[in-house]
Amino acid sequence: MKFLGRLSFILSLPLLRAYLRRSRRAYGLIVCGNEVVLVKGWLGRQKWQFPGGGTRHGETSPETIVREIKEEVGLDIDSKSLKYIGSGRWQTDGLGHDYDLYLCKFPSKKSLKTRRPELIGAAWVKVSDLDATNCSSEIIEALHKVNLL
């Protein structure tokens, strides 16, 4: 499956770049203590990513986060609990899409349930276990921004 995902990613990269450059995306940085919720998709490099996705027409970034987190990992989040961290431009793999990042802190870890077919995993990951070998530079930068690294 990993090989198939990687090959599909490489072959579809020109189309992905064209599509994503015109899209706006929103990601959630969900924290409990020294752990964060991350997901891995079968398409691409299979590195850890923040849960999130594309903003639908008429949808705000917080609404996107609430919907995507429910769809991807089964967590219910109140949009009022989200704290805006900032915006950026995702450059890993040359995808170049704009995104908004929001922080949500949980007092205790909740169970995760992978609910999307494009995901091969979702987990609470210790921040100290993350580096350039298993996640993108955008993830590391965001963790620094909120003083988790």
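This is a predicted model: local features need pLDDT of at least 70, side-chain atom pairs count only at pLDDT 80 or more; totals for chains, interfaces and linings use all residues.
Local features need pLDDT of at least 70, side-chain atom pairs count only at pLDDT 80 or more, and totals for chains, interfaces and linings use all residues. Residues are numbered from 1 along each chain as its sequence is written, and side-chain values use heavy atoms, with hydrogens and water left out.

Side chains of opposite charge can pair when their charged atoms come close. Here a salt bridge means a side-chain nitrogen of Lys or Arg within 4 Å of a carboxyl oxygen of Asp or Glu. By this rule there are nine salt bridges.

Start with Glu35 and Lys109. Their side chains form a salt bridge, 3.1 Å from N to O. This pair links distant parts of the chain, 74 residues apart. Glu35 sits in strand S2 (residues 35-41). Lys109 lies in the loop between strand S5 (97-105) and strand S6 (119-126). Strands (E, at least two residues) are DSSP runs, numbered from the N terminus. Glu35 is buried, at 14% relative accessibility. Lys109 is partly exposed, at 46%. Buried means under 20% relative accessible area, exposed over 50%, and partly exposed in between (1.4 Å probe, protein chains only).

Next comes Arg67 with Glu59. This salt bridge spans 2.9 Å, N to O. Arg67 is buried at 15% relative accessible area, and Glu59 is buried at 18%. The two also belong to a network of salt bridges that links Arg56, Glu59, Arg67, Glu68 and Glu71.

Last, turn to Arg89 and Asp98. Their closest N and O atoms are 2.9 Å apart in a salt bridge. Arg89 counts as partly exposed because its relative accessibility is 35%. Asp98, at 27%, is also partly exposed.

Definitions and conventions. Helices (H or I, at least four residues) and strands (E, at least two) are DSSP runs, numbered from the N terminus.
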